[in-house]
Structures are given as structure tokens and as C-alpha cells.
Amino acid sequence: MSLARIKWREILGRFGLVMALVALVVILSLLSDRFMTSSNVINVLRQISINAIIASGMTVVIIGRGIDLSVGSLLALTGVVGASLAVAGLPPGVAIAGALALGTFMGVFNGVFIAYAGIAPFIVTLAGLTIFRGMALAITDGRPVSGLPPVFMTIGYGSFLGLPVPIWIMLGFLLLTHVILRYTALGRAIYAIGGNEEAARLSGIPVRRTILFTFAYSGLAASLAAMVLTGRLNSAQPSAGVMFELDAIAAVVVGGTSLFGGRGGVFGTLVGALIIGVINNGMNLLNVPSFYQQIVKGGVILAALLIERLVASRRT
Amino acid sequence: MALLTMTGMHKRFGNVIALDDVDFTLEAGEVHALVGENGAGKSTLMKVLAGVQPPDAGTMTLAEREVRFASVTEAQANGVVMVYQELALVPSLSVTENLLLGRLPPLVRYGDLRARARDLLAQVDLAIDPNAEVGRLGIGERQLIEIARALSREGRVLVLDEPTAALSATETDHLFEIIGKVKAQGVSVVYISHRLEEVFRIADRVTVLRDGKRVGTRSLAETSAEEIVRLMVGKAVRRYERPQRHEAEELGRFEVGGGGDLQTTTIALRAGEIVGLAGVIGSGRERVLPTAFGLHGTARWRERPLRSPRDAIREGIVLVPSDRKTQGLVLELTVQENVSLATLERLQRLGFMRSGLERQQTRRWIERLSLRPPEPHKPVFELSGGNQQKVVIAKALATEPKVLLLDEPTRGVDVGARAELYDVIDDLSSRGLGLLLSSSDTEELLGLSDRILVFRGGRIATTLTPPFAYEEVVAHVTGAHQVA
């Protein structure tokens, strides 16, 4: 009985978000008759796929009470490395695997400084943000990498069962993240560390290894997003992904994951990414100038958190 | 006419009636103890008084004037001050700045301020440097600073909520001296405590609350501890007595040391034995268990080094830490998630949680420790202190340990839940576990231990064997017999 009650409360917490999304959709479909067309809906999903993939990794990091500011730069680095490998003649599968491995490795690099040297995640990943960007620019001499094999076109523009490939990749990664967080011992350890690191340590949980994992996972997410973006642009830009970390963090917090760790989930992150994506899309349809779009987006993030806060305080 | 009268106070939180028609009076220059089990309404009553929460109904008169405090600031302006433990001080500022916070002149002349601060510190007999950073001071000193600050603002009513919980015996004595001094100046003190011996030591009257109702107010000269406990509990209390047990095989020996106050010490432990550790804060006693769990210093168990909690758990040693909120629990996780925390490795297959096994384990411990409510999916922050402690113990026991380290297992736990925890501890020893029990509660040590090791100056000063005498233990702990 009480089990039902708690689930209900949990759902209520998420429900607010979904309602906000539904309200947005209703308003936009009233304002623009182009909004609720199936092509536009797919368009929105495809537009948010890159952010949602990065934000999935970010969710894992933030639940563990960390933050990863390096994802945008890491996306650029892994994008140009993967593309360069493919252009150099390696089989595309190997090139992509190499890029994903590099992303994971760079996440481990962040994680070592954070978990083992005890430096604050904010600082370490801020350093990562400039280091990875610098590496991406150095490797390419600042020039985009193009002339990619057709596999990248398939990633960016192919479709399967009527849905574009980027959406499938996004859904797959969201599902993977959800399974890790909810159904594995590792996921449990991440929530425990985010909620109370000391208690986790005293319970014999391998705290450092687990924190290391969260950053490695975020690195993997960034490199996966890099593959999607490279496919969309059919080239890899060393200047890609600037400020992507902020969009990802915004999706996570709008999605109800606490920046103080220990609470949240990837379903909320998807809804958060959708809210941001729908707003962007809606404003484009309504021809809102892009300068104003940024102001509105920031305002929506504040409003979402304010509502969340009010709901939370009424609950306790 | 009393200085303060609260009449017909009502307060309700959702379905819970926290205060039900409570009357309370406070005379000028009186120390009035407020006692009751957890959840009886003590803190709520005082929050209403101090302007933290408005009452739903009821009137308050202070010095023959009807008052209603909408905020803490308003209460303070009327001389009603609640002394929190360390919360109200800014750790990074100096003692002087903290004492005069909010009243600093626009142009700060430090010489004058320091002189003023020194006067205030003298009022509470605190000989510390006014320039010292508050964050570096002990809890006892911080409390006295708060009292000094309250007095400097012409406080007439001081509310102390469990002020001695983290104090050593000496600090407690000092605090009580100051309370006596303050009282002589005509200030009234409301003293919330779980410790009856303290209540008898310093209070003039005591009001007992139970389930949000006032069940009695007594003058301490005309009552007994038995009567007060009866009022608190509402039924007869079971006296705890530990039967003599047989000697059993030795499980192993701990060798702990190398951490701050603690010199290298060896403790042998038998199966089924409960070894009590006594000693004031700073005696080294409070470092023994964290060290034995591999948290700091150096520890060996059966000649094998314990370098981390993981090592210890692997050796069958598990700690129930002294502070369940910061060390024992992940508050926002559920009962089940907390119980599983130390056994994640066993509850998984190929990384995936085995949910059936996990449910089964949780259900077993909920039953065995009679957790209330018996709901595995409730976040632990919603449980009472005693039940939270049961969750910490369940988590520890789920590892199927051979040795259980209990660090202040009943701190902040009410009388009823305490007796239940004692039953659990007793049951564990009869199942052959070896237990080390570190406690600042002498009665608890007396009731549970087969042997008491008294720590003083970083080492075992005395080993006491049954039958124990209360006075004897206290004398050894405080070192009083050495003075004589």
C-alpha cells in the first residue's frame, strides 16, 4: 500500500515535468500549425539526440555528485580523431571504436584526478575543457576533417523502421543508462555515493572506482554524440560542441536530477532535453530572433527549477 | 506571575498532531527541563516559542504582555533565544565577529570590539582568544559562545536543546556552572534533554510531554527519576539485565593505534562476548572503533592488516558508526537500498541486482529487527531515530560479520527503541558474534558489557569485570579515584 503511495509520489515528481512538456506542446501547436506535423516531431527528436546522449552521461556524473564541463570539447576531440582515422583509411568500424575508446579514456583521465587525487570535478573538467579543445585544434590545425566514408552519412541521415538513426542511437543510449542506474549494483553505488559518500565508503563500496566510472561513462557519451554530429555534418569540426556542456547540464537539472547528487534519473533528463528542444524548435517556427531565443531558454530553465522547488517544498 | 506562559498550544503537521493543547509556564530565574521521548513534541513547542514555527492555536504571554513571534528575529528582539549546536555561528569568522555579528558598527575598530568580546567571554568563563576562528573550536566552546551572544542581547529566556550530547564531562560541568550563573542573574532556561541525571542536577522543575500532550509538571525536589520515566513512557519500564554467559573461544585480537589520541592497544575478543569501551572525549576511546575498521591509523586483526573498510568487511568485521545521518545512511534512499549497501557484491550477478534476493534479505532484517513501519520502500529520512539505527544495524548484519563494532549505538534514540536495540545486541552475542561497544552512556555499558575497558590518556587504563558498580566506572572514566 505504501509502496504504491511512494511510487505515486515519485511519479508526481516526474509528472510535473511531463505536464510542463505537454503544456508547451499544446501552446506551440496552437501558435503554429507546422508544429504538430510528424516531420516536425521527428525533427525535434533528431535535434535533441546529441544533447540527450551527452546529458545521459552527465546524469550519471551528477547523480554521483560530480559535474563534467569537458564534454563539449571532448566531443570535438573524439569527432576529429574518429574522422581522421576513417579518412586515413582505417575501416570505419575501427575508426568509430577508436573514437569511443578515446572518449572513455579521456573520461578516465578526468576521473583519476577527481577520484584519486581528490581535486574538485569542476576544476578538473574545466581544465579538460581547454585541454581537449586544444588537442582537437592541434591535431587538425584548426581545419575541419572531411571526405568521410559513407557509414557516417548513414549515421547522420539513415533511417530504420521510419525513424532516423540518431534517434535510435539516442534511445539506445538512454536505455543503457537507465539499466545501469536502476538495475545494476554499480548504479546503486552511484546513487549511494552521490547521496552520502562517507556512508558509501563505510559500507565497503569502492567509491573511487565508481566515481572513475561515472566520468568514463560521460566521456563515452560525449564521443558517441561526436559520431552522431560528425554524421550529421558529414565532417568533423575541431570547433564543434562549444557550450554543449551547458545544454547537457540544463537538460539534467530541468529533468529533476539534483545537482547535490543521489537523486534523479535519465527519464527526467530525456524530458528535460525535450523541453529545451521543443522551445528551440517552437521559437524557430515562430521566427523568434536567435538572440531572444537564448533569453527565453535561460528563463525556462529558471522557471522549471523554481516550479520543481515549489513542488518539492510542498511535499515535505 | 510567571515570566512566560504558553496556553493551549496546538500544532499540526499534516495528519500528525505535534502539540495538543499544551500549557507551559516559565518563572524568572528558573531552569525548567523539558523531557519526553522522541516525537513527544519538545522541539515543536520550543520552535513555536522561538518563532521558528507559528502555532495553529494558543496564546503566549511574556512578562505580562501577549506576544506572537512571526520570526526568530522577533523572538530574539523580545529576549527569547534558542541556542543551537554550532549552527548559528559562522565557522570562518573569529570569536569576536561571531559574538557581535549583526551589530558590527559600519567602521570596525577591532581593539574596542575585542575588549567587548573579552567581557562577554568572561561572563561564560571562557578563556579563549577572541581572535580565534570559531571553526577551530570545540562544540562545548561554541555553545558557550552562543550563550554569551544571547546574554549580550539581553536574553531573558534561553532554550538549550540537548546541549550536552556532544560534550565531555568537564565541558558539561562548565556548561552547568554557567547555567547556574545565568540563572542567578534572573535569566530563565528551558533545558531539553534525554539524560535524567542532568535534569536532576540542574533543573528546578520538569515538564514531561508525551505524544504532543503535557502529561505533568513537577518540582524536581518532589519527584523521582522513576516517576518521570513513568510519565515519559506511560507504562512500566523494563530494567535491562544481562545474564552471565559462558566463556567461549577467542575470535581474534585487534591491534589498533597510530591515530592521534590513541596509543597502540591490543584487544582480544571472544565469540559471544561484548567488550565495552569507556572513556571521555579525548581519552582515545572514540578512536578505537574507526581505527579497527580501517578508517585511519593502523589496525591489525588476527595479525592481518586492515587498511580500509573493504578490508575489514572482508575479514568479517563491520562498523555501526556513531553518526548515523552522516556516516551510516544515505537518507534519501529507501530502507531496502540502505540495507543492501554493504552487500551489493553478494546481491548481484554479472553486475545486475538480483531483486528477488534483495527483497528477501530486506524482508528478513525488517522482521528480525522489527523495523517500524515494516516497509522496505520508504526513504529512511522518514523513519524515527531508533528505526534509522535499526537500518544501519541491518545493513551491517547483512554482511554476516563475525565481529560487530558498535559506536554509540543508541545516541539520540528514545527509551523504547533503546530497549529494543539492547535486545538485538544481546541476541547477536548469543549467536556467537564478538562485539566491541564504544559508548559515552555509562548505564548502557554496565547493562551490556562482559568486560569494560576504560581508556584514559590514549590507552587502556583499567579493565573492569563484573559485577560492575556505577560509581566505580565513573570514577575510573573521570580519573576521580586518582585524585583521592
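Biologist: What should helix α4 (residues 92-116) of chain A span at 1.5 Å a residue, and how far apart are its end C-alpha atoms?

Modeller: Helices (H or I, at least four residues) and strands (E, at least two) are DSSP runs, numbered from the N terminus. The expected span is 1.5 Å times one less than the number of residues. The helix has 25 residues, so it should span 36 Å, which agrees with its end C-alpha separation of 35 Å.

Biologist: What pLDDT do local features and side-chain atom pairs need in this predicted model?

Modeller: Residues are numbered from 1 along each chain as its sequence is written, while chains are lettered from A and ligands numbered from 1 in the order in which they are written. In this predicted model, totals for chains, interfaces and linings use all residues, local features need pLDDT of at least 70, and side-chain atom pairs count only at pLDDT 80 or more.

Biologist: Which residue just after α4(A) takes a positive phi, and of what value?

Modeller: Most residues other than glycine have a negative phi. The residue here is a glycine, A:Gly118, with phi about 75°.

Biologist: What radius of gyration does chain A have, and what does the globule rule give?

Modeller: Chain A holds 13 helices and two strands. The radius is taken over C-alpha atoms, and the rule is 2.2 Å times the number of residues to the power 0.38. For 316 residues the rule gives 20 Å, so chain A is as compact as a globular protein of that length, with a radius of 20 Å.

Biologist: How much of chain A counts as buried?

Modeller: Its C-alpha trace spans about 60 × 55 × 35 Å along the principal axes. Buried takes 20 or more other C-beta atoms within 10 Å of a residue's own, exposed 12 or fewer, and partly exposed is in between, with C-beta atoms placed from the backbone. Of the 316 residues, the buried share is 50%.

Biologist: What does A:Ala225 contact, leaving aside neighbours within four places in sequence?

Modeller: Contact needs C-beta atoms, placed from the backbone, within 7 Å. By that test, the partners of A:Ala225 are A:Ile50, A:Ile53, A:Ile54 and A:Leu75.

Biologist: How do the residues on the side of chain B that touches chain A divide?

Modeller: The contact takes 23 residues from chain A and 27 residues from chain B. On the chain B side, α10 (309-314), α11 (324-328), α12 (335-340) and β18 (352-353) each supply at least two residues. Ala, Val, Leu, Ile, Met, Phe, Trp, Tyr, Cys and Pro count as nonpolar, Asp, Glu, Lys and Arg as charged, and the others, Gly among them, as polar. The side divides into six charged, seven polar and 14 nonpolar.

Biologist: How far apart are the C-alpha centres of domain 1 and domain 2 of chain B?

Modeller: Domain bounds come from an automatic or database assignment. That assignment gives domain 1 (4-233) and domain 2 (250-316 + 401-483). Their C-alpha centres are separated by 33 Å.

Biologist: Which residues does B:Glu250 touch, not counting those up to four places away in sequence?

Modeller: B:Glu250 sits in strand β11 (residues 250-257) of chain B. It counts as partly exposed because it has 13 C-beta neighbours inside 10 Å. The residues it touches are B:Ala268 and B:Arg270.

Biologist: Is B:Glu408 buried or exposed?

Modeller: B:Glu408 lies in the loop between β19 (403-407) and α15 (415-430) of chain B. Its phi is positive, about 50°, although it is not a glycine. It has 21 C-beta neighbours inside 10 Å, so it counts as buried.

Biologist: And B:Asp211, how many other C-beta atoms lie within 10 Å of it?

Modeller: B:Asp211 is found in the loop between β9 (205-210) and β10 (213-219) of chain B. It is not a glycine, yet it has a positive phi of about 50°. It is partly exposed because its count of other C-beta atoms within 10 Å is 14.

Biologist: What is omega for the cis peptide bond between B:Pro466 and B:Pro467?

Modeller: Most peptide bonds are trans. B:Pro467 lies in the loop between β22 (459-464) and α17 (470-478) of chain B. The cis bond that joins it to B:Pro466 has an omega of about -5°.

How values were computed
Two residues are in contact if their C-beta atoms, placed from the backbone, lie within 7 Å.
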